[in-house]
Amino acid sequence: MRILNIHGYKGNPENSAYHALENIGCEVVSPTLRYDYDEPEKIIEKLRKMFGNEGDVIVGTSLGGFFGALLSVRLGVPVILVNPCLMPFVTLPQLDFKGNIRQYMRLFPEILDIDISATSTIIGGKDDVIEYHDFTEKLLRNKDFRIVPDGRHSGATLPLENYFKEILQQYI
C-alpha cells in the first residue's frame, strides 16, 4: 500500500509516522514541506501531485494533519491523522510561524466537510503543543478515534505501528 505521509511544522519527512509505516511494509512518499515560506495552496497542489492512485491513503501529523484533512475533503480519499493541528491559525503563532496565517483561516471551513467514515485519528492525551483536541474529538470522533492517555505531541509517544496496522486493514 502506498501512503502519502505529510509531516508537521518544523518537522521531518522521516518522522515517527514514516518509520512506523515503513516498518509495517508500506511504500511511503514523504516530501519536505516549507511551511514558513510556501503558501498553503501551493503546498496543497504539491501534495495533490504526489498523491498516487485509487487505494492510496494519506497520513498527516500535526500541521500535516490539516493538509491531510483538506486533501481528504478535496479528493474524497481516506486519511489517518496523528495529533492533527486542525486550527493552525491558533497554534502556529505560538511557534514563531513566519508565513501568512490568514491563508489558513480561509481554508479552515473546508475541513468541516470531512467524511469521518474515511477518517482515522490518534491523539496524545498529554499533547504538549496542541491544546484543543476537544475540538478534534468533537469533529472526528468515530470507531477509529483513539486517545493515548500518556501520549504527547511526538508520534514517538504513540503506538503508531499497531494503530496503522489496524486501520490500514480496512483499505487492503
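Are Y9 and Y35 buried or exposed? Both Y9 and Y35 are buried (under 20% relative accessible area; exposed is over 50% and partly exposed lies in between, with a 1.4 Å probe and protein chains only). The structure is a predicted model, in which local features need pLDDT of at least 70 and side-chain atom pairs count only at pLDDT 80 or more, while totals for chains, interfaces and linings use all residues. Residues are numbered from 1 along each chain as its sequence is written, and side-chain values use heavy atoms, with hydrogens and water left out.

Ten aromatic pairs are present in the structure (rings of Phe, Tyr and Trp, the last by its six-membered ring, with centres within 6.5 Å; planes under 30 degrees apart are stacked, over 60 edge-to-face and the rest tilted). Y9 and Y35 form a tilted pair, with 6.5 Å centre to centre and 50° between the planes. Y9 lies in the loop between β1 (2–6) and α1 (16–23) and Y35 in the loop between β2 (27–29) and α2 (40–50), so the pair ties together parts that are 26 residues apart in sequence. Helices (H or I, at least four residues) and strands (E, at least two) are DSSP runs, numbered from the N terminus. Ring pairs link Y9 and Y35 with F66, F67, F97 and Y104 into a cluster.

A tilted pair is also formed by F108 and F135, at 6.0 Å centre to centre and 40° between the planes. This pair links helix α5 (residues 101–111), which holds F108, to helix α6 (residues 133–140), which holds F135, across 27 residues. F108 is buried, at a relative accessible area of 14%, whereas F135 is partly exposed, at 22%.

In α6, the buried residues are H133, T136, L139 and L140. These residues lie on the same side of α6, because they cover an arc of only 120° around the axis (taken from the directions from the helix axis to the C-beta atoms). Their cover includes β4 (79–82), α5, β5 (119–124) and β6 (145–148), where contact means heavy atoms within 4.5 Å.

S120 is placed in strand β5 and is buried, with a relative accessible area of 0%. Leaving aside residues up to four places away in sequence, S120 touches V79, I80, L81, D144, Y163, I167 and Y171.
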